[in-house]
Amino acid sequence: MEMNKQMNTKKKGEINRYMRKVRHLLPTMHKAERRFITNLRQDIEELAQTRPSISYEALVTEFGDPHELVNNYISVSYTHLRAHETVL
């Protein structure tokens, strides 16, 4: 059975709330950002399958505050980009 079908409405709502905040904080939405969002959602849904319930606060505890998560993503992406430019 597909993961989304197994999840109850409350879990989906909490996950969607967290993901919405993360998406809105990303300054752009290119291929790398879409991949980041997809991977994050998969990780969150896998975690949700192991718990009877999940709250927004639990997602923040497990994955970090959306602001911090996006800042870290941007920082790592920028560092990677700068390293790549240096090689060129």
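Modeller: Let's start with the fold: read along the sequence, this chain follows the pattern α-α-α-α-α. Please keep in mind that this is a predicted model.

Biologist: How many helices and strands does the chain have?

Modeller: The secondary structure comes to five helices and zero strands. As for how the chain comes together, residues 24 or more positions apart account for 64% of the contacts with a separation of 6 or more.

Biologist: What share of the residues counts as buried?

Modeller: Of the 88 residues in the chain, 28% are buried.

Biologist: How should I read a nonpolar core, and which residues have the most contacts inside the largest one?

Modeller: The general idea first: in soluble globular proteins, nonpolar side chains tend to be buried together. Here the largest nonpolar core has 19 residues, and those with the most contacts inside it are Ile15, Tyr18, Met19, Val22, Phe36, Leu40 and Ile44. Four helices each supply at least two residues of this core: α2 (9-25), α3 (31-49), α4 (56-63) and α5 (66-87). The largest share, six residues, comes from α3.

Biologist: Now for charges. How many salt bridges does the structure hold?

Modeller: As a general idea, side chains of opposite charge can pair when their charged atoms come close. This structure holds three salt bridges. In one of them, the side chains of Arg17 and Glu14 meet at 3.8 Å, N to O. Both residues lie in helix α2, three residues apart, which is about one turn of the helix.

Biologist: What about Arg41, with which residue does it form a salt bridge?

Modeller: Arg41 pairs with Glu45, and their closest N and O atoms are 3.7 Å apart. Because these residues are four apart in helix α3, about one helical turn separates them. Arg41 is partly exposed, with a relative accessible area of 23%, and Glu45 is buried, with 11%.

Biologist: Where in the chain do the partners Arg51 and Glu62 lie?

Modeller: Arg51 and Glu62 form a salt bridge in which the closest N and O atoms are 2.9 Å apart. This pair links distant parts of the chain: Arg51 is in the loop between α3 and α4, while Glu62 is in helix α4, 11 residues apart. Arg51 is partly exposed, with a relative accessible area of 26%, and Glu62 also counts as partly exposed, at 43% relative accessibility.

Biologist: And the aromatic rings: how many aromatic pairs does a search of the whole structure find?

Modeller: In general, a pair of aromatic rings is described by the distance of the centres and the angle of the planes. The search of this structure finds two aromatic pairs.

Biologist: Which ring does the charged end of Arg17 sit over?

Modeller: That ring belongs to Tyr56, and the charged end of Arg17 is 4.0 Å from its centre. Arg17 is also the salt-bridge partner of Glu14.

Technical notes: Residues numbered from 1 in each chain as written. Predicted model: local features only at pLDDT ≥ 70, side-chain atom pairs only at ≥ 80, totals over all residues. Heavy atoms only, no water. Core = buried A, V, L, I, M, F, W, Y, C linked by side-chain atoms within 4.5 Å. Buried < 20%, exposed > 50% of the residue type's maximum accessible area, 1.4 Å probe, protein only. Salt bridge = Lys/Arg side-chain N within 4 Å of Asp/Glu carboxyl O. Phe/Tyr/Trp six-rings, centres within 6.5 Å; stacked < 30°, edge-to-face > 60°. Lys NZ or Arg CZ within 6 Å of the ring centre and 35° of its normal. Contact = heavy atoms within 4.5 Å.
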